[in-house]
Amino acid sequence: MKKLALIDLSIALGACLLLSSPLFAADTSKAPLPLSNPPGQGFTQDGLKRIDAFFADQITSNNMAGAVLAVSKNGKLVIYKPYGYLDKANNKPMTIDAIFNLASMTKVMATVSGLTFYEEGKLPLNAPISNWLPQFKDMKVGQMDSDGKLNLVPAKNPITIQDLMRHTNGLTYGGRGTTPVHKFYPAGSAPAAVQYNAQEFIDKLAAAPLLYEPGTTWDYGFGLDVLGVIEEKIAGKPLGAVMQERIWNKVGMPNTTFELAEKDRPRLAQPLPIDPLTGKPQKVDIHTQKVKFDCGGSCAYSTAGDYIRFGQMLLNGGSLEGKRVLGPQTVAFMTSNHLNKDIKNNVGATEPGRVGYGFGLGVAVRMERGLSTINGNVGDFTWNGAYGTIFWADPKEQMVVVMMGVAPGEIRKVHREQLNAVIYGALEK
């Protein structure tokens, strides 16, 4: 009993420290962006306290192990701090340089690196992907008849590069449904990369029937993984090397990688041992598995500091500190809605907070305000990760928000709305 009491006291003291902690990490010499002066500029003091209180409450309630929050406004870093635990099971406090698996926040980077080839005229968006991957030339669409039999019908449209970037390709995640078509596919990006090398992965997908006719329905799936393989073919090098050359070196993202070095593993943030909603054991499988190719849909690792620089680059129109990744018109194109009236929009079904959003290239884009439970402005763009990482940029507010956390269960979707509410509630105007 005494031991439990000491643990409870430690947690309570930790919560108090969270509430009284400064807006910036102690070592500001390593801040990823220029610091705002005064600290917290653009946010109310009460609002900033509510942000700290939110994390303190979630950590002491065992709803999350810990997190690193980075927020920029008008190009300046307003908040940059760690909360809670890097590894709660071993009582290790969160550090500002903690590393997280990005899961689907990898997709945004895969799109940006793809768009660098687009700007070189090497990757037209309307080009069929069979130009690079001939296995996809004669695809079939799976259709169920009245007797429940699966029929394969020749696809009317080829899958295009744009279809890969905007998830209108019919290459679904097997883990997202129970239809006969879903059973042909791997569960998701990371499981596929663990099981198959790039050639085997492409052959597996090309042999499967499509869930939808290409170009007709937004549905989440393997598009950005396939795009990454095409980028590798064009460049003649692995996707990690492509991103290193075209994004990470230019933006200044030294901690972002597909292959986590052994020396960096002690910085890898861990989830709570028990899912707070189900009470069942939980883990992030990819933390202990080796992938066979750099999967553009899920497999990269990064830090909050690196990713806030990436987000700021996009908000700036494609450049950061004089180094350009994309042209401003390309970024504007990327962050515009690419789902026309003839495309069925299932974005809100995949992510309930994204009702009122369309989808651009690699990111959801807000088209209307008030339809979603997520606050923000028309034109904000976003995508999150299945293990608890969160990213959005709001051009009207000139704000980028990155929260790195490890919550592989459904509570991550709750955190997305809660974080959004405390951030927007803290703005001065």
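**Values against definitions**

Analyst: Start with H3 and helix H7 (residues 223-235): they pack at an angle of about 40 degrees, and their axes are 10 Å apart. Axes are lines fitted to C-alpha atoms, for helices over the stretch in contact, and angles run from 0 to 180 degrees between N-to-C directions. This is a predicted model: local features need pLDDT of at least 70, side-chain atom pairs count only at pLDDT 80 or more, and totals for chains, interfaces and linings use all residues. Residues are numbered from 1 along each chain as its sequence is written, and side-chain values use heavy atoms, with hydrogens and water left out.

User: What makes a stretch a helix or a strand here?

Analyst: Both are DSSP runs, numbered from the N terminus: helices are H or I with at least four residues, strands are E with at least two.

User: Which residues of H3 and H7 meet?

Analyst: Contact means heavy atoms within 4.5 Å. On the H3 side, Lys107, Ala110, Thr111, Ser113, Gly114 and Phe117 take part. They meet Leu224, Leu227, Glu231, Ile234 and Ala235 of H7.

User: What is the handedness of the crossing of H3 and H7?

Analyst: H3 passes H7 in a left-handed crossing. A crossing is left-handed if the near helix is turned anticlockwise from the far one by less than a right angle, and right-handed if clockwise.

User: Why is H3 called oblique to H9?

Analyst: Helix H3 (residues 106-119) and H9 pack at about 45 degrees, with axes 12 Å apart. That angle makes H3 oblique to H9. The cut-offs: under 35 degrees is roughly parallel, over 145 roughly antiparallel, 65 to 115 roughly perpendicular, and the rest oblique. Val108, Met109 and Val112 of H3 make the contact with Tyr307, Phe310, Met313 and Leu314 of H9.

User: What is the strand order in the open sheet?

Analyst: Eight strands run E3-E2-E1-E14-E13-E12-E11-E10, with antiparallel pairing. Strand E3 (92-93) and strand E10 (357-359) stand at the edges with a single partner strand each, so one side of each has no neighbour in the sheet.

User: How do you know that E13 and E14 pair?

Analyst: Two strands pair if DSSP finds at least two bridges between them. Five bridges join strand E13 (residues 390-394) to strand E14 (residues 399-405).

User: Why is the disulfide of Cys295 and Cys299 called right-handed?

Analyst: The torsion about its S-S bond is about 95 degrees, so the disulfide is right-handed.

User: Is Asn74 buried or exposed?

Analyst: Buried means under 20% relative accessible area, exposed over 50%, partly exposed in between (1.4 Å probe, protein chains only). Asn74 has 54%, so Asn74 is exposed. Phi of Asn74 is near 55 degrees, a positive value in a residue other than glycine.

User: Why does Ala103 count as buried?

Analyst: Ala103 has 3% relative accessibility, so Ala103 counts as buried. Ala103 also has a positive phi, about 50 degrees, although it is not a glycine.

User: What kind of peptide bond joins Asn37 and Pro38?

Analyst: A cis one, with omega about 5 degrees. Pro38 lies in the loop between helix H1 (2-20) and helix H2 (45-60).

Notes:
A disulfide is a pair of cysteine sulfur atoms within 2.5 Å.
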